[in-house]
Amino acid sequence: MNKKIWDLYAPIYEKAMRGDRKTYGLMYERIPKVIQGMDVLEVATGPGLLAKHVAHAAHKMIATDYSDGMIREAKKGSYPNNLTFEVADAEHLPHALAIGL
């Protein structure tokens, strides 16, 4: 999909994800145990739901998406101080964290 489509879809994307609530609940439980105290880079965060629910366990978390609209949505509301949202292309990540991928 092209970036403009994701920018347009961003305001309603979170609503579309509600059907997967059970799956996300399992991830919210399990991922914090894996990332405890780590520096974490999330690629394709969309509206940032996963990042907002698990960042508390990380030392530092950067959540990226190539859609400006998705990052605008992700920045809405409250989230842990150790979490930042950035626009970034997954094929050209600007972070040293990406080296370990």
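Is Lys 76 buried, partly exposed or exposed? Lys 76 is partly exposed, with a relative accessible area of 47%; buried here means under 20% relative accessible area, exposed means over 50%, and partly exposed lies in between (1.4 Å probe, protein chains only).

The model is predicted, so local features need pLDDT of at least 70 and side-chain atom pairs count only at pLDDT 80 or more, whereas totals for chains, interfaces and linings use all residues. Residues are numbered from 1 along each chain as its sequence is written, and side-chain values use heavy atoms, with hydrogens and water left out.

**The salt bridge**

Lys 76 forms a salt bridge with Glu 73, and the closest N and O atoms are 3.0 Å apart. A salt bridge is defined as a side-chain nitrogen of Lys or Arg within 4 Å of a carboxyl oxygen of Asp or Glu. A search of the whole structure finds one such bridge. Glu 73 is buried, with a relative accessible area of 18%.

**The sheet**

Three strands form an open sheet in the order 1-2-3, with parallel pairing. Strands (E, at least two residues) and helices (H or I, at least four residues) are DSSP runs, numbered from the N terminus, and two strands pair if DSSP finds at least two bridges between them. Strand 1 (39–43) and strand 3 (83–87) are the edge strands, each of which pairs on one side only. Strand 2 (residues 60–65) runs parallel to strand 3 and is joined to strand 3 by five bridges. Met 61 stands opposite Leu 83 in strand 3.

**The aromatic rings**

A pair of aromatic rings is described by the distance of the centres and the angle of the planes. Rings of Phe, Tyr and Trp (its six-membered ring) pair if their centres lie within 6.5 Å; planes under 30 degrees apart count as stacked, over 60 as edge-to-face and the rest as tilted. The structure holds five aromatic pairs, including the two below.

| Pair | Centre to centre | Angle between planes | Type |
|---|---|---|---|
| Trp 6 and Tyr 9 | 6.0 Å | 55° | tilted |
| Tyr 9 and Tyr 13 | 5.4 Å | 80° | edge-to-face |

Trp 6 and Tyr 9 are three residues apart in helix 1 (residues 3–16), so about one helical turn separates them. Tyr 9 and Tyr 13 are four residues apart in helix 1 and are likewise separated by about one helical turn. Ring pairs link Trp 6, Tyr 9 and Tyr 13 into a cluster. Trp 6 is partly exposed at 24% relative accessible area, Tyr 9 is partly exposed at 30%, and Tyr 13 counts as partly exposed at 22%.
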